[in-house]
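Please look over the sequence and the structure shown here before reading the briefing that follows. It goes through the domains, a pair of helices, a sheet and the meeting of the chains in turn.

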There are 2 protein chains.
Amino acid sequence: MPDKIYFTPGPSQLFHSFQDHFRSAIKENVANISHRSTQFIKIIEETNEAIRELLQIPEGYHLFFLNSANEAWDRIIQNLVIESSHHFVNGAFSRKFYDFAIRHGMRSTRTQPEDGESYDNFNIPEKAELIGLAKNETSVGFTFTEAEIEKIRQEHSDKLIALDIVSASPALPVNFSTIDTAYFSVQKAFGMPAGLGVWIVNERCVEKSLKKAEKTSIGSYRSIPTLKKFGSKAQTPETPGMIYIYVLGKIARDILNYGVKRMQNDIVYKAAIINQTIENHPSLAHFVSSEKHRSLSSIVAKANNPSVFFDAISEKGMILGKGYGVHEGEHIRIANFPAHSRESIEYLCDLIGNLE
Amino acid sequence: MPDKIYFTPGPSQLFHSFQDHFRSAIKENVANISHRSTQFIKIIEETNEAIRELLQIPEGYHLFFLNSANEAWDRIIQNLVIESSHHFVNGAFSRKFYDFAIRHGMRSTRTQPEDGESYDNFNIPEKAELIGLAKNETSVGFTFTEAEIEKIRQEHSDKLIALDIVSASPALPVNFSTIDTAYFSVQKAFGMPAGLGVWIVNERCVEKSLKKAEKTSIGSYRSIPTLKKFGSKAQTPETPGMIYIYVLGKIARDILNYGVKRMQNDIVYKAAIINQTIENHPSLAHFVSSEKHRSLSSIVAKANNPSVFFDAISEKGMILGKGYGVHEGEHIRIANFPAHSRESIEYLCDLIGNLE
């Protein structure tokens with residue numbers, strides 16, 4: 001085992017059982033068998049089932065395997081947007097989704113306050129076919145409330161809503177009934193190495209991709225109709241990252257056995273400790289000013305001199321997250337994922353509290 | 001360790017050092033660190049260097065990380081073909097590359113003899129911008145000779161050549177100077193679990209993608225200019241499959257330490273044993289009739305009753321490859337990769353030789 005604890009918000013700390021499951025996968029020949037074999041189909045079914053139960057994904061939503069959240073942005077634009085999407089940008093990742101749309105030749109638009117600031121309004125151009133939201137903007141710790149997502153849904157029921165749940169799921173509950181598609185990568189709140197992404201789409205997305213396919217190309221092996229065709233047989237179009245699909249299912253099952261509510265209560269408890277530590281510290285302050293928009297799983301604080309924190313904490317074998325991109329010299333970020341025990345967060349916060 | 005030996009041509013047998021390298025990666029925190037960190041940049045550099053040396057990739061070729069050969073087909077069409085490509089099809093995988101081009105809206109063409117049969121001619125329509133060849137058609141064991149690839153290059157120097165080296169590299173030498181782009185996935189001849197692909201492109205490809213970008217979208221995070229921009233700093237646009245990139249470099253280095261020539265001589269030696277076994281067996285025959293077009297690393301035999309072989313060999317803890325797709329009931333396939341020891345091949349061939 002590595003001797004450090006990573007509080008970086010992705011890649012992050014590995015889930016405690018990751019290595020055991022990896023070893024089992026090797027033992028059960030998951031790296032060797034055909035991805036068309038009954039044995040592997042059963043693995044896909046089990047992972048599917050565990051993820052659906054863990055994230056409480058309703059009937060009528062399909063679950064596909066990709067390789068990253070970057071790929072999800074790519075495939076969403078390729079499959080679900082014919083001319084224009086609208087993006088609520090609040091930090092580097094939601095901005096990147098908008099940039100991808102532009103690079104795909106879309107005439108997309110965005111609403112972008114200062115990083116970390118709340119939105120004045122949720123106006124969306126009529127022409128937008130899809131709305132991009134990040135449940136948890138990992139770069140600055142801004143989160144949408146469920147009420148806001150619901151309001152956007154109600155006022156724009158003709159448009160598709162794509163929700164970024166990277167670093168949110170499974171730490172925070174997500175109401176799938178208010179969105180059409182969502183995606184995450186496993187190196188954040190699932191405590192796995194990078195290289196696997198999950199993309200969830202409903203039937204409205206399937207229909208939209210078929211509609212787009214009538215006019216233009218929606219790609220090849222990872223178009224929604226192709227993913228659905230193989231997915232309905234618990235298969236994938238290509239040879240996928242079989243070991244990670246296996247391990248993802250096992251970790252999801254471990255969390256289910258521990259209790260989803262219990263794990264999510266832990267997240268709330270740990271967030272309270274982290275928040276209190278930030279509030280009590282003379283040289284730290286919340287970056288997101290509006291309390292209800294502060295992420296519980298990717299917590300971002302302004303620091304007068306971040307390196308003081310990194311250095312002192314690192315001496316104790318723990319790694320804090322640096323500020324992302326332009327915020328590198330101004331922020332510290334603390335991931336609060338299922339892989340982070342209460343004890344490790346308490347210890348971390350004691351250390352931070354004692355720093356000048 | 002799994003208790004079986006997989007002679008399936010991908011997913012296949014894991015390279016003997018895979019698990020050791022995986023454990024080292026975990027110990028060295030490769031799953032946790034930032035993909036922008038100096039530590040990870042060094043890993044990318046090392047993997048790059050080892051792959052370049054192992055495959056003897058000349059200067060002026062860039063090496064990018066993808067997730068599969070399927071993705072390489074996708075990205076090649078997206079970046080390098082504006083209207084039309086031409087494909088030499090000889091089995092399921094080279095056919096799929098052609099299909100992908102069509103699905104991307106290209107007016108692509110193909111030359112397709114019966115599976116396993118040689119080509120009468122290498123005529124290519126004037127309009128084709130790129131030629132798709134498979135060095136090793138894993139599905140039926142058809143291979144192009146270096147002389148043929150050179151001839152195609154000389155007669156069509158204005159066109160780009162894309163060479164599928166899945167299941168060929170590093171087992172068989174490839175002359176990069178006769179091609180413009182090549183790609184492989186690691187679950188074949190590199191003896192790794194699926195989930196990582198490598199894409200090699202030269203400067204002609206970079207120029208072509210820039211030319212296409214002037215007219216239309218070439219995608220986003222995995223367009224060639226973006227991959228090159230990040231690649232030149234030994235980085236990737238997104239958080240990649242970091243552990244597998246690390247392990248790939250280590251396995252490549254292990255093969256280099258063993259000796260490339262020595263490993264490739266082993267391949268030739270083992271192929272000779274397998275071929276002799278097929279030729280001496282009353283109910284087996286080579287599927288590819290032309291000797292010089294028979295793959296040495298993915299060997300395919302017609303069998304009167306394949307299940308006799310699968311069952312008897314499987315009882316001894318060894319797994320043969322089934323015929324691919326339409327050939328499932330007619331073929332056996334035997335992978336001959338660096339992960340397959342001389343001893344295991346000799347033992348396998350003894351068993352096959354003794355079967356009725």
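**Domains, helices, sheet and interface**

In chain A, the C-alpha centres of domain 1 and domain 2 lie 26 Å apart. The model is a predicted one, and its chain A is divided into domain 1, made of residues 5–12 and 259–354, and domain 2, made of residues 18–257.

**How the two domains of chain A touch**

- On the side of domain 1 of chain A, 27 residues are in contact with 25 residues of domain 2 of chain A.
- Helix 9 and strand 12 (298–303) of chain A each supply at least two residues of the side of domain 1 that touches domain 2, and the largest share, four residues, comes from helix 9 of chain A.
- By class, that side of domain 1 of chain A divides into 14 nonpolar, eleven polar and two charged residues.

**Helix 9 and helix 11 of chain A**

- The axes of helix 9 (residues 260–280) and helix 11 (residues 342–354) of chain A come within 10 Å and cross at roughly 0°, and because angles under 35 degrees count as roughly parallel, helix 9 of chain A is roughly parallel to helix 11 of chain A.
- Among the residues that make this contact are Asp266(A), Tyr269(A) and Ile273(A) of helix 9 of chain A, together with Arg342(A), Ile345(A) and Cys349(A) of helix 11 of chain A.
- Taken by class, the contact between these two helices of chain A has six nonpolar, three polar and four charged residues.

**A sheet in chain B**

- In chain B, five strands form an open sheet with mixed pairing, in the order 1-13-14-12-11.
- Strand 1 (5–7) and strand 11 (284–286) of chain B stand at the edges with a single partner strand each, so one side of each is left without a neighbour in the sheet.
- Neighbouring strands of this sheet are turned against each other by 35° on average, direction ignored.
- Strand 13 (residues 318–322) and strand 14 (residues 331–335) of chain B run antiparallel and are joined by two bridges, and Gly321(B) stands opposite Arg333(B) in strand 14 of chain B.

**How chain A and chain B meet**

- A rotation of 180° with 0.0 Å of shift along its axis superposes chain B on chain A, with an RMSD of 0.0 Å, which is the relation of a two-fold axis.
- In the contact between the chains, 42 residues of chain B touch 42 residues of chain A, and the elements that give two or more residues to the side of chain B are helix 1 (18–27), helix 3 (69–80), helix 4 (92–103) and helix 8 (242–258) of chain B.
- The residues on that side of chain B divide into 16 nonpolar, 21 polar and five charged.
- The copies meet through the same surface, because 100% of the interface residues of chain B are also interface residues in chain A.

Conventions:
Residues numbered from 1 in each chain as written. Chains lettered and ligands numbered in written order. Predicted model: local features only at pLDDT ≥ 70, side-chain atom pairs only at ≥ 80, totals over all residues. Axes fitted to C-alpha atoms, helices over the stretch in contact; angles between N-to-C directions. Parallel < 35°, antiparallel > 145°, perpendicular 65-115°, else oblique. Contact = placed C-beta atoms within 7 Å. Nonpolar A, V, L, I, M, F, W, Y, C, P; charged D, E, K, R; others polar. Pairing = 2+ DSSP bridges. Least-squares fit on C-alpha atoms with pLDDT ≥ 70 in both. Domains from an automatic or database assignment.
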